[in-house]
Amino acid sequence: MDGGQRQAPTFRASVKPPPGLGASALDKILNLRKRAREDAARNMPRQDAADLSAAEVSVIELVAAERTRVDQMRNLAKAEAERRLRALAPTPQDFAGPALDAGLALKQGAGRMAQDWTEMARAAAQTRAELVAFKDANRLRRAAHYPRSTVLQAGLLLVAAVFESLFSAALFAEDDARGLLGGAITAIGLSGANVTLGFLAGFLGLRYLQHTRFAPKALGALAFAFITFLGLMLNLFAADWRDQLAALSGQQIRGGDDASFHLWSLLQLSSPQAIILLMLGAGVWVFAALKGYSGFDDPYPDFGKMDRAAGTTSAALSDFRAEAREDLEKPIDAAKKALAIRLEKMRAEFAAMNKAFDEASVKMEALDAQARALDDAAAAGVHLYRQENVLTRTTPAPAYFSAAPPAAGPALDPMQGCAQMIDEARARLDDAQAQSAQALVDLVAELEAATARLDAADHA
């Protein structure tokens with residue numbers, strides 16, 4: 001049992017050598033042994049003979065008839081193979097058309113975006129030149145330093161203000177008639193004002209103290225001194241207010257008989273809560289001043305602003321260039337896809353052609369085996385005749401007996417034309433691949449040239 005499947009017989013199995021043609025069969029048909037002995041008795045063929053004997057010719061003629069039929073089958077198979085290969089040969093494709101269309105679309109796209117590209121490139125170049133001029137004018141030899149986001153810095157200021165408010169509210173609530181709510185309202189106002197003054201002292205004062213020009217430096221010093229004075233007055237006022245609240249509440253200040261020196265005695269402060277409130281306010285004010293100095297922008301005035309402007313225009317140009325490059329690459333991608341489809345079509349046709357050539361080769365090999373079997377049969381029949389003739393005759397055999405007998409049919413190479421067609425198809429496919437690759441290389445070079453022209457347009 002074969003499981004319900006049968007293997008299709010191949011052509012090699014279906015084509016067999018013609019039955020009945022062999023040395024013994026030829027002997028029966030042509031009486032080769034008998035004729036060889038009879039010829040030998042007559043000393044035939046003669047020693048000086050150059051042509052085949054009648055018996056040998058009859059062998060060649062008998063086999064040649066069958067060989068003619070096989071040769072006809074070989075010629076028919078050759079013609080069929082060539083016809084099929086000619087029909088399956090890869091069709092020449094147009095690889096220049098997609099490249100030309102892509103090149104035209106590339107030039108049109110570059111022309112449309114040339115003006116915008118030039119304007120953005122000039123804007124970016126101008127801001128960079130302004131930044132360089134600003135650094136040279138202010139003798140800056142470093143890069144700008146500032147946070148990318150000010151949310152964290154603002155949050156830290158808010159935390160400082162909330163911390164001061166909570167602590168101050170607890171201190172004011174001890175002697176405020178309104179209790180904790182009244183102390184919280186007072187503390188919030190004082191901490192907000194303290195943080196604001198500290199930030200302004202750093203942002204408008206300390207930053208301008210390092211300016212290279214005298215006028216901004218003088219204005220910065222004046223602003224810093226004035227805002228610092230306001231901050232000092234605010235914190236002294238808050239401490240004195242807390243001290244007066246303590247006095248009005250009837251608290252007694254202990255340690256009056258202590259003869260040691262106290263710094264806060266110069267400030268006319270008598271309660272510890274007032275001293276703590278003053279120190280807390282001074283610390284928060286210094287923290288806010290440092291954040292105003294370098295927490296939100298570069299410490300040098302206008303340096304961060306100039307650097308951000310240059311970075312913004314450069315980033316905008318980079319984004320525009322990336323989008324424009326993507327738009328310019330779209331025609332090239334379309335051309336690449338079209339070329340790949342056409343090249344794949346030729347490859348599929350060449351693969352089908354190769355498969356047909358292999359099938360024809362198998363068929364032709366079976367027919368060649370038949371032809372070789374017939375030639376071998378003819379040679380065996382002639383050899384049988386000559387052997388029997390030599391054994392019987394009394395005179396030397398002719399010289400041509402030592403030569404190989406002629407073939408029963410012509411020596412053919414039917415697949416030579418098919419092989420040449422395969423070679424031509426392979427060369428055509430290789431040339432198509434080279435054309436496709438060169439077209440893509442030219443398009444990429446044209447893209448780079450167009451990009452370079454657009455980049456250089458602002459210098460024209």
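Biologist: What makes F134 count as buried in this predicted model?

Modeller: F134 has a relative accessible area of 15%. Buried means under 20%. So F134 is buried.

Biologist: Why is the pair of F134 and Y300 called edge-to-face?

Modeller: The structure holds 6 aromatic pairs. In the pair of F134 and Y300, the ring centres are 6.2 Å apart. Rings pair if their centres lie within 6.5 Å. The planes stand at 75 degrees, and over 60 counts as edge-to-face. So the pair is edge-to-face.

Biologist: How do you know that this pair ties together parts that are apart in sequence?

Modeller: Look at where each residue sits. F134 lies in helix α5 (residues 96-137). Y300 lies in the loop between α9 (272-295) and α10 (303-392). The parts are 166 residues apart in sequence, so the pair ties them together across that stretch.

Biologist: Is Y300 buried or exposed, and why?

Modeller: Y300 has 3% relative accessibility. The cut-off for buried is under 20%. Therefore Y300 counts as buried.

Biologist: Why is the pair of F134 and F303 called stacked?

Modeller: The centres of these two rings are 6.1 Å apart, with the planes at 25 degrees. Planes under 30 degrees apart count as stacked. So the pair of F134 and F303 is stacked. This pair also links distant parts of the chain, with F134 in helix α5 and F303 in helix α10, 169 residues apart. Both F134 and F303 are buried.

Biologist: What links F134, Y300 and F303 into a cluster?

Modeller: Ring pairs do.

Biologist: Why does H211 count as buried?

Modeller: H211 has 5% relative accessibility, and buried means under 20%. So H211 is buried. H211 lies in the loop between α7 (179-206) and α8 (214-248). Beyond its neighbours within four places in sequence, H211 is in contact with N138, P216, K217, Y300 and P301.

Biologist: How do you know that R207 lies over the face of F203?

Modeller: R207 is at 4.5 Å from the ring centre of F203. The distance limit is within 6 Å. R308 lies over the face of Y146, at 5.0 Å from the ring centre.

Biologist: What makes up the lining of the largest cavity?

Modeller: The count comes to 1 cavity of 30 Å³ or more. About 70 Å³ of space lies in the largest cavity. Its lining includes E164, S168, L190 and G281. By class, the lining has 4 nonpolar, 5 polar and 1 charged residues. Helices α6 (151-173), α7, α8 and α9 each supply at least two of the lining residues.

Definitions and conventions
Residues numbered from 1 in each chain as written. Predicted model: local features only at pLDDT ≥ 70, side-chain atom pairs only at ≥ 80, totals over all residues. Heavy atoms only, no water. Helix = DSSP H or I, 4+ residues; strand = E, 2+ residues; numbered from the N terminus. Buried < 20%, exposed > 50% of the residue type's maximum accessible area, 1.4 Å probe, protein only. Contact = heavy atoms within 4.5 Å. Lys NZ or Arg CZ within 6 Å of the ring centre and 35° of its normal. 1 Å grid on protein atoms, 1.4 Å probe; cavity = no way out; pocket = protein on both sides within 12 Å on 5 of 7 lines; lining within 4 Å. Points joined across faces, edges and corners; volume = space filled by probe spheres on them. Nonpolar A, V, L, I, M, F, W, Y, C, P; charged D, E, K, R; others polar.
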